[in-house]
Amino acid sequence: MKLSLNGNWECTFTDSDIPSSDIMLPGTIQASGITPLNSKREEDTLTDEHAFEGIISLRKEVQIPLGYDSYILTLERSRITRLYIDGQAVGTCDSLIAPHVYDISAFISKENTLIQIEADNKNYPCPGGHLTSRDTQTNWSGILGDMYIKCTNNTHIVSVNARTDYSKKVAILTLNTSTSAFDISSQDMSSIKDASTYDTLDSSLGINIRTDLIKLKDEYLNKDADPYIFRKFRDDIDLAAKSTDLDILKEHLEIAKDIVKPQSFTISKDPIVIDLKDKDGKVYEWDTFTPYLYAFTLDLCDSNGTILDSTRTICGLRSFTTRENELLLNNRPIFLRGRHCGLLFPMTGFAPMNACGWLYDMMISRRWGINHYRFHSCTPPDAAFLAADLLGIVIQSEMEIWGSWLMEDEEGYDATMQQYLTIEGYRMISLFASHPSFCMFGCGNELWGNPKALGKLLAGFKMINPDLLYTQGSNTFQFSPNIQPEDDFFVGVRFSKDRLIRASYAMCDAPQGHIQTMAPTANINYDANIRPDLISSYGADTISDNTKNDAFDNASYDKASTTTIQFGTTVKEVTLTSQDELIPFIPVISHETGQFETYPDYDEISHYTGVLKAYNIADLKDKAQKSGLLPYAHDFFINSGTLAMQCYKHEMEDALASTYLAGTQLLDIQDYTGQGTALIGVLNSLMEDKKLISPGKFRESFDDIVVMARFDSYVHSSGSSFGFTPFIAYYDKNIYKNMYVKATLISSLNELVCSKDISIPDITTGARISLPYTSLSFPESKKPERYELQLSLIAGNTTLTTNSYTLYTYPEIEKPLENADTAPITYATSVQEAVNMAKKGQNVLLYLSDAENPNSIEGTYCTDFWCYPMFKSISESMNKEIPIGTLGLCIDNKSMALKDFPSMTYSEPIWYEIVTASRSTILDNTDINPIVSTIDNAYRSHKLGLIYEIKIEGTDGNIIVCTSDLPRLISSNVKEAYALHKSLINYVNNSVHENVNTITPDVFKSIFGIDRL
């Protein structure tokens, strides 16, 4: 029987003046609110209002029935615990990921038993990664999940592990039983013992096994399904703290009882092999489309058939393997569309311990195209693996380290930490091995140290669980990565300083990516950077034979140089590995891609009604209020977010178009409200939709099937031919015959311009398909036009997927700038010239030079990376260039000044050249309302004007200030610059000027840094 320990416990605080209180367990100190209110408002992360670090003592008197041979106390997830029974010390457990299991059989002598548990969330043997980070789930203290005493006979089941052999279509169950007490009280789980240590075989024992087939109901597997029914299991503190209630979960499952005929076996040391074929010879595979699970009920029986003990386990029939640069799920190629997860759950301050709570978040993730979770320096609860099993999500879990890993004889070797983490790794690959979703293992996040030491660590893990794919870590040795013989796949951001495999980087990690440094284009892939031996000018003959995936050479390590790197929120000096050109012959996954920042949505502040409060976002709102930007905040949020979505579209499609890339791990679809407050998601940190883009539109660029157009530029000449290469990333399980792509060009009036059908050769499995180069023609036009290229992938009468791109055309520049088609000439290139014209009552367009625009910020098209304050600090610490830190444009597109330059309210490719040739003026403490604003990051909170109109008191003329060097662009034949110039000139000569802002001469002087007018 299981005796639940849920309920009310007395809590006292060791070495603290916090008074004793009652607490409901499972639960946490922070969620219970029994500690004093935290008066500190965190500025760089969400605030835990009841943060506590130290040792607590939990006491409860429990009625324990006597007469059983064995009493095992289990706490599913906690911190470091020490257990006392009636005042007698039982032992210590220190795992952050595994259940704390205590044999208390020798301590039970009476029914009324006092249980005392000390929990310590301060003195960890390792930093803890995202398992203890205040940036994500908090460093909570308490006990979560199942907590019970199992009272059994002397003969009972200790554990069962299930795995499958995909080729043989069988399940293999390894059962550990014990005919004597399972004694771990004398050790602190600092070693992993072979199961046979606890197993005294009794040939009279039998095991009866029933096998059911389960699957989540189709209504929940639909990517557009509403997960709301599961939300309370994530956000309600009491429900989230409890482990999975199977009776509740069953309501949402399809269950086929006894899919395999019940079987009986005699207990032996050999694994139990179960043929998974049903009566018709059919098997049911686990994959990302049809995630079937086999559920086994095991009854341990004596010779009379009496059930002595029972347990349940699951597994899925799948294989997860590699083929050169490809990942294969059940022998079919799969592209991992991943996301980062650091266990951020603001409502509770801890990760839910039940599968329903995880179903809520994971169903939302699938809605946005996700089929893969990478758990950053952490291992989630068992419930997360179960939810991923049910939804067909591939999991990469990591040890809780974000640091260095060394050999035992090296300087800096931390024996306590490395030995502890090694054991945690063994726990992870053993405890969660039955879950088919658990496919990938990483040693940690952004590790440094000795690659050989990491290879040695992986070799040990592979001996225990060869079914997983392993990597030394995510983005290890960033600037000088290596591949060890033990690595099955590679996760990183580059293969050398310039061989980049993602589109954006922090300034301190420069060079930056193409989305940050190039005009918007849909024609980038990373193949030449991944496999220069096969593609581009690198050539195979430049690659030394002894560097192709060879093990790292310790001699080169000894001679290696050092460098200063960004490390978390700080900097660190590390040793660079010394290698020649690194060529990966294993699958490559791009690490933490995206990180495109948006302006805050201040309306979400009130949504943080749980354990964590958004005082950091509230502080940013206060800055906006003080700088006069709060009235613009919603527009800033929408427009910066729309630009960020454009950037994510390029990031995702460029990854899918890279044939040597096996996956990408976004950072992230969810805001990361820590490490400086990084608002980089399509969802906020509560997993609420920001409404910046629809899930369906997002999935056009990130799904099982994506049809794309690959082309160089979004901006073209009127009447020109538009050429592009249709490209398809096809990873759907269903393969159709006679597919074709329909390419259609639609005008801004929604009229058909032209269309073309492009046939596709038949395929037999998932693949990337590049179709022949094709072209469509733009109509002639004497004014700027915008068109939509619509692509549809069609099979028969079914449209499998669609995608679209906005394109722009401009007429050729017909006249030199000095002979513009309005007279008299009404633009100036110096401040004094513009002032003189205004004094004469003449309206004037001022092209403000950089030299006369001292209070200004450099123009950049792409939105900021991650968040400005964190990387500003890091760049300063490293003596690197500081990021520009802006978030795109906010455009008054109804202004008459832009009448002849049609634009949306947000940045579009037509603004790239204009923005990069600009320096937006800092207009703080003025009432100037720009026609085109540059959105500053909320931390710095400048009011920035790219185009604005002013009138100086005492003058009759208006000055329209343009901070972009349009004359230079026009001389370089930038057609969109000429179109903007014409629109502004037409406005200058217009009698209506609704954008004018009257300012005093003193304000004018302060803006432009001049002494007199």
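Tutor: In what follows, Ala, Val, Leu, Ile, Met, Phe, Trp, Tyr, Cys and Pro count as nonpolar, Asp, Glu, Lys and Arg as charged, and the others, Gly among them, as polar. The structure discussed here is a predicted model.

Student: By class, how many nonpolar, polar and charged residues does the lining of the second largest cavity have?

Tutor: The structure holds nine cavities of 30 Å³ or more, and about 100 Å³ of space lies in the second largest cavity. The residues that line this second largest cavity are His514, Ile515, Met518, Ala519, Pro520, Thr521, Leu643, Gln646, Cys647, His650 and Tyr861. Sorted by class, the lining of the second largest cavity has no charged residues, four polar ones and seven nonpolar ones.

Student: Which helix supplies the largest share of the lining of the second largest cavity?

Tutor: Two helices, α10 (514-517) and α14 (633-656), each supply at least two residues of the lining of the second largest cavity. The largest share amounts to four residues, and these come from α14.

Student: Which residues of the largest nonpolar core touch the most other members?

Tutor: In soluble globular proteins, nonpolar side chains tend to be buried together. The largest nonpolar core of this model has 201 residues, and the ones that touch the most other members are Trp358 and Trp911. Within this core, the largest share, nine residues, comes from α14. Leaving out residues up to four places away in sequence, the contacts of Trp358 include Cys341, Leu343, Phe345, Tyr373 and Phe375, and the residues that touch the most other members are therefore Trp358 and Trp911.

Student: Is strand β48 (residues 886-891) largely enclosed by the rest of the structure or open, and why?

Tutor: Buried here means under 20% relative accessible area. Because six of the six residues of β48 are buried, the strand is largely enclosed by the rest of the structure.

Student: Which residue in β50 stands opposite Thr886?

Tutor: Strand β48 and strand β50 (residues 932-936) run antiparallel and are joined by four bridges. Along this pairing, Leu889 stands opposite Thr934 in β50, while the residue in β50 opposite Thr886 is Asp936.

Student: How many of the residues of β50 are buried?

Tutor: From β50, Val932, Thr934 and Asp936 point one way, whereas Ser933 and Ile935 point the other way, and all are buried. The strand is thus mostly covered, and the number of its residues that are buried is five of five.

Student: In the hairpin of β50 and β51, which residue takes a positive phi?

Tutor: Strand β50 is joined by four bridges to strand β51 (residues 943-952), and the two run antiparallel; Val932, for instance, stands opposite Ile947 in β51. Six residues lie between the strands of this hairpin, and the residue that takes a positive phi, near 60°, is Ser941.

Student: What is the omega of the cis peptide bond from Leu667 to Asp668?

Tutor: Another peptide bond, from Leu25 to Pro26, is cis with omega near 5°, and Pro26 has its place in the loop between β3 (21-25) and β4 (27-28). Asp668 lies in the loop between β35 (663-667) and α15 (695-699), and the cis bond from Leu667 to Asp668 has an omega near 0°.

Student: Does Met687 count as buried or exposed?

Tutor: Met687 has its place in the loop between β35 and α15, and its phi is near 65°, a positive value in a residue other than glycine. Because its relative accessibility is 3%, Met687 counts as buried.

Terms used:
Residues numbered from 1 in each chain as written. Predicted model: local features only at pLDDT ≥ 70, side-chain atom pairs only at ≥ 80, totals over all residues. Heavy atoms only, no water. 1 Å grid on protein atoms, 1.4 Å probe; cavity = no way out; pocket = protein on both sides within 12 Å on 5 of 7 lines; lining within 4 Å. Points joined across faces, edges and corners; volume = space filled by probe spheres on them. Buried < 20%, exposed > 50% of the residue type's maximum accessible area, 1.4 Å probe, protein only. Pairing = 2+ DSSP bridges. Core = buried A, V, L, I, M, F, W, Y, C linked by side-chain atoms within 4.5 Å. Contact = heavy atoms within 4.5 Å.
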